[in-house]
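Please walk me through how the ligand is held in this protein. I would like the surroundings first and the individual contacts after that.

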Amino acid sequence: MRLFLLILPEIFAKLIILSHKAIILGIESSCDDTSVAITENQRLLSNVIASQEVHKKYGGVVPELASRAHQMNIIPVLSEALKQANIKLSDVNAIAFTNGPGLLGSLMVGSSFAKGLSIALAVPLIEVNHLHGHVLSHFIIENDSDKNFPDFPHLCLLISGGHTQIVRVNSPYDMTILGSTIDDAAGEAFDKAAKLLGFGYPGGPIIDHYAKPGNARRFYFPKPAVADLNFSFSGLKTSLLYFLKEELRKNNQFVIQNLNDLCASYQQAIVEILMEKTLKAIEQTNIRCISLSGGVSANSEIRKQFATLEQKGIRVFIPPIKYTTDNAAMIAIAGYYKYLKKTFSSLDVVPFAKLNI
Ligand code: KG4
Ligand code: ZN
């Protein structure tokens, strides 16, 4: 009886949380997208993203410029998110924000802003691991018809500009890495190749675009031999570098004349590396449900080839393009799960440039 009385307030608090509709405001500022999203429980009310154009001419994200742009964008992005969600700031029940991994200066803008809002509104603050956000982006509900979610456990192939991992997702709170890149991420393989071909940043969408009419079997790029479920992409980029050097020496128009086939063949090598390790992970774990997430999962060829796994009886979840690259909707969803468990952060929480899943 005494024990029951002791745990009664806890049960009561949980019941209140479960029975009421939680309005979560999510903030994402880990790299070069400033985003604010609002959810009511899992249901998305708004998701506003300001992408920073300033980096394009530098061939990569310039950290200092990114922090400044976040400072300039965050208030207008918040105002627009509130407007689109048709709510007032005072309706918000918790503030979720990305606390890493990412660029420290960029993270500081989002985390300080989140703390300010949490103090002003007297609502809980929830730190969210950006990578958890990418994984949980599959649990965003847009319409009442959205009822098809990945099972637990499932495998998530997380492919972004900074990460390439196969994650075993046991629950929204429990994820383990089964394999990851030992050097470059898949997104870097795209971005660095695009740079070699003379394009700006981000290179992934540009390679994807030029690859479309190309012949993916025209050129061969050797795939690395990496143990277990780990990946490597730096050798692929180097082989493209030497190949281009050699061909350009013979014909300085080589890239222009073969652009589509070059992009298609290089992209195909990346798809094959990702596919091979994913199939190995499915075989090793016997988990026949996979999801893709992260910016690189916007790639049209990756989406097409992974969708064919359905024919082998594997459940495949490919996110809508808008949830592949960085967005605050995924941060709000991950924040909502923590809200359910009342896993709140104190005001002295600090962001981390490096953070594991
Ligand atoms: O997840 P994300 O927005 O940021 C990080 O957390 O890193 O991913 C950005 C990465 C960049 O490397 C970009 O080139 C790549 O995603 N990306 C693509 C495509 N769209 C974005 N890579 C290949 N094909 C695409 N269509
Ligand atoms: Zn990301």
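This is a predicted model: local features need pLDDT of at least 70, side-chain atom pairs count only at pLDDT 80 or more; totals for chains, interfaces and linings use all residues.

**Where ligand 1 sits**

Residues are numbered from 1 along each chain as its sequence is written, chains are lettered from A and ligands numbered from 1 in the order in which they are written, and side-chain values use heavy atoms, with hydrogens and water left out.

There are 21 residues around ligand 1, a residue being near if one of its heavy atoms lies within 4 Å. Those that come nearest are Gly 161, Asp 191, Asp 208, Gly 295 and Asn 299.

The side chain of Asp 191 places an N or O atom 2.7 Å from an oxygen atom of ligand 1. Backbone atoms take part as well: a polar one of Gly 204 is 3.1 Å from a ligand oxygen, and an N or O atom of the Gly 295 backbone is 3.0 Å from one. Taken alone, ligand 1 exposes 560 Å², and the protein buries 90% of that (Shrake-Rupley method, 1.4 Å probe).

Helix H4 (130-136), helix H5 (186-196) and helix H6 (203-211) are the elements that give two or more residues to the shell; helices are DSSP runs (H or I) of at least four residues, numbered from the N terminus. H6 supplies the largest share, four residues.

How values were computed: A polar contact is a pair of N or O atoms within 3.5 Å; within protein, one must be able to donate a hydrogen and the other to accept it, and residues adjacent in sequence count only if both atoms are side-chain atoms.
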